[in-house]
Amino acid sequence: LVYVAGISIFPVWKKGFELLPGFVFFYLLGFFLLALINLWILSLWDREADIRHGFHSIASVIRPYYLARAIVVLGILVNVLFFGLLMYQPSFYHMHALIILLISHMHMVVFLRSKRDTQLKRQILEASFLITWVLLLLG
C-alpha cells in the first residue's frame, strides 16, 4: 500500500489535483486494489507461518475460505471496473487500463490455477507490477 501511495504522489505533485484528468483517480484506485489483492494473497499463503510465529494478519483473523472468496470478488471488481473504463474512456488511456487488467488477470491466474511452488508464485506476482514499465517505454 505504501508502494501505491509512492507512485500516486508523483502525478499529483507534478500537476496538482485540479489539473489531473478524472480518470487518473480510477487508476490510483485500481493500483490500490491490486496492491490489496497482492497483500491478501501473500497473507493467505503465509498463514501457517504467521500463526506459528505469533504474527497477526488478515489471514489469521479471517478464515482462509472467506479470504480466498474476498480475493476473487475483489479481482472481479477490478476487472469489471477497468473493462468498463476501457470501453468508456478516451483512447489515450486504453493502454493504462489494459495494463491494470493484465496485472489483475496474472494475479487471478496465479492465485486460482497455478500449481507451482509458492516462492515462484510470489515472484510472479511481484514481477507482474513491473509491467507498468511498459508505459514508460511506450510513452
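Student: Which elements does the chain run through from the N terminus on?

Tutor: Reading from the N terminus, the order is α-α-α-α-α-α-α-α. That gives eight helices and zero strands, where helices (H or I, at least four residues) and strands (E, at least two) are DSSP runs numbered from the N terminus. Keep in mind that this is a predicted model: local features need pLDDT of at least 70, side-chain atom pairs count only at pLDDT 80 or more, and totals for chains, interfaces and linings use all residues. Residues are numbered from 1 along each chain as its sequence is written, and side-chain values use heavy atoms, with hydrogens and water left out.

Student: Which residues of helix 5 are buried?

Tutor: Start with the cut-offs: buried means under 20% relative accessible area, exposed over 50%, and partly exposed in between (1.4 Å probe, protein chains only). In helix 5 the buried residues include L67, A68, I71, V72, L74, G75 and V78. An α-helix has 3.6 residues a turn, so residues three or four places apart point the same way.

Student: What covers the buried residues of helix 5?

Tutor: The cover includes helix 2 (23-45), helix 4 (58-61) and helix 6 (94-113). Cover is read from contact, meaning heavy atoms within 4.5 Å. Helix 6 has buried residues of its own, among them I99, I100, I103, H107 and F111, and its buried residues pack against helix 2, helix 5, helix 7 and helix 8.

Student: And what do the totals for the chain look like?

Tutor: Buried residues make up 41% of the 139 residues. Among contacts with a separation of 6 or more, residues 24 or more positions apart account for 70%. The chain exposes about 8,800 Å², and carbon and sulfur atoms supply 71% of it; accessible areas come from the Shrake-Rupley method with a 1.4 Å probe, and for residues only the protein chains shown count as cover.

Student: How many salt bridges does the structure hold?

Tutor: A salt bridge is a side-chain nitrogen of Lys or Arg within 4 Å of a carboxyl oxygen of Asp or Glu. The structure holds one: the side chains of D46 and R122 meet at 2.6 Å, N to O. This pair links distant parts of the chain, with D46 in the loop between helix 2 and helix 3 (47-53) and R122 in helix 7, 76 residues apart. D46 is partly exposed, at 25% relative accessible area. Leaving aside neighbours within four places in sequence, R122 is in contact with L42, W45 and D46.

Student: Which residues make the nonpolar surface patch?

Tutor: Patches are made of residues with over 30% relative accessible area and no salt bridge: like charges are joined within 9 Å, nonpolar side chains (Val, Leu, Ile, Met, Phe, Trp, Tyr) within 5 Å. Here V61, I62, Y65 and Y66 make a nonpolar patch of about 440 Å². Y65 lies in helix 5 (residues 64-88) and counts as exposed because its relative accessible area is 52%.

Student: Is T132 buried or exposed?

Tutor: T132 counts as buried, at 15% relative accessibility. T132 sits in the loop between helix 7 and helix 8 (133-138), and its side chain reaches the backbone oxygen of F129 at 2.8 Å.

Key
Polar contact = N/O pair within 3.5 Å; in protein donor to acceptor, adjacent residues only side chain to side chain.
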